Amino acid sequence: MKKKGVFVSFIVALCFIVSCKDHKNEAIISQDIPVYDFEGLEPLLYTQNNKTYLINFWAMWCLPCVEELPYIQEYAQKNPDVEVILVSMDFPKDIETKLKPFLKKNNITTKVILLDDPDANSWINKINPEWSGAIPFTIMFNSEKRSYYERSFEDLQDIETEISKNFNK
């Protein structure tokens, strides 16, 4: 009888440990990724203050986008005074099953939002009439100047050079 009690206690403890471990992983993956249409996103693309912003449009299926993410992440960590936002062009239905696991696997902790607006022909021109719609696409701006990049950044130095050149950082 005593062995049975010890065994049951062991099973209960094991279940508790496994259960706690699963909740911890869920908490890491459940970081909030807001979903915007263009009307909701548009105010994030302008500022009245002197802060510098870097907004990068990307998707998990875009190899050049994925290749530059570590450089953007490193830049964001080294420059907390610059507001960095990654605008995912992936599907909202994939947030929990694909996007969050992708971000976790690649150690991307920079702010991510998802743009879900089917009228790309309208909002692409509102962002920049010269933008073809190809990604990656990055906007760097402050209250006085805007720069657009329809290309991927090759490394951290590439990002730092563009910010320094255009925003005297």
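**Contacts of a loop serine**

Reply: Leaving out residues up to four places away in sequence, S152 touches P64, E68, P136 and D158. Please keep in mind that this is a predicted model.

Me: Where does S152 lie?

Reply: S152 lies in the loop between β6 (146-149) and α6.

Me: What about R151, where is its place?

Reply: R151 is also placed in the loop between β6 and α6. Its relative accessible area is 30%, so R151 is partly exposed.

Me: Which residues is R151 in contact with?

Reply: Leaving aside neighbours within four places in sequence, R151 is in contact with E68, P136, D158 and E162. R151 and P64 are 87 residues apart in sequence, and their C-alpha atoms are 8.3 Å apart in space.

Me: Let me step back to the overall layout. How many helices and strands are in the chain?

Reply: The chain has six helices and six strands. Read from the N terminus, the elements run α-β-α-β-α-β-α-β-α-β-β-α.

Me: What share of the 169 residues is buried?

Reply: Buried residues account for 39% of the 169 residues in the chain.

Me: And among contacts between residues at least 6 apart in sequence, what share joins residues at least 24 apart?

Reply: That share is 69%.

Me: Now disulfides. How many does the structure hold?

Reply: The structure holds one disulfide. C62 and C65 form it, with their sulfur atoms 2.3 Å apart.

Me: Is the disulfide of C62 and C65 right-handed or left-handed, and why?

Reply: The torsion about the S-S bond of C62 and C65 is about 75 degrees, so the disulfide is right-handed.

Me: Are C62 and C65 buried or exposed?

Reply: C62 is buried, with a relative accessible area of 5%. C65 is buried as well, at 0%.

Me: On to helix packing. How is a pair of packed helices described?

Reply: Two packed helices are described by the angle between their axes and by the distance between those axes.

Me: At what angle do α3 and α6 cross, then?

Reply: The axes of α3 (residues 63-78) and α6 (residues 156-167) cross at roughly 55 degrees and come within 8 Å.

Me: Which residues of α3 and α6 make the contact?

Reply: From α3 the contact is made by Y71, I72, E74, Y75 and K78, and from α6 by L156, I159, E160 and I163. By class, the contact of α3 with α6 has six nonpolar residues, three charged residues and no polar ones.

Me: What is Q73 in contact with?

Reply: Apart from neighbours within four places in sequence, Q73 is in contact with N107, I108, T109 and T110. Q73 and T110 are 37 residues apart in sequence, and 6.1 Å apart in space from C-alpha to C-alpha.

Me: What is the phi of N107?

Reply: N107 has a positive phi of about 55 degrees, although it is not a glycine. N107 is placed in the loop between α4 (95-105) and β4 (111-115). With a relative accessible area of 58%, N107 is exposed.

Me: One last residue. In which strand is S147 found, and what is it in contact with?

Reply: S147 is found in strand β6. Setting aside neighbours within four places in sequence, S147 is in contact with T138, I139, M140, N166 and F167. S147 is buried, with a relative accessible area of 10%.

Methods:
Residues are numbered from 1 along each chain as its sequence is written. This is a predicted model: local features need pLDDT of at least 70, side-chain atom pairs count only at pLDDT 80 or more; totals for chains, interfaces and linings use all residues. Side-chain values use heavy atoms; hydrogens and water are left out. A disulfide is a pair of cysteine sulfur atoms within 2.5 Å. Buried means under 20% relative accessible area, exposed over 50%, partly exposed in between (1.4 Å probe, protein chains only). Axes are lines fitted to C-alpha atoms, for helices over the stretch in contact, and angles run from 0 to 180 degrees between N-to-C directions. Helices (H or I, at least four residues) and strands (E, at least two) are DSSP runs, numbered from the N terminus. Contact means heavy atoms within 4.5 Å. Ala, Val, Leu, Ile, Met, Phe, Trp, Tyr, Cys and Pro count as nonpolar, Asp, Glu, Lys and Arg as charged, and the others, Gly among them, as polar.
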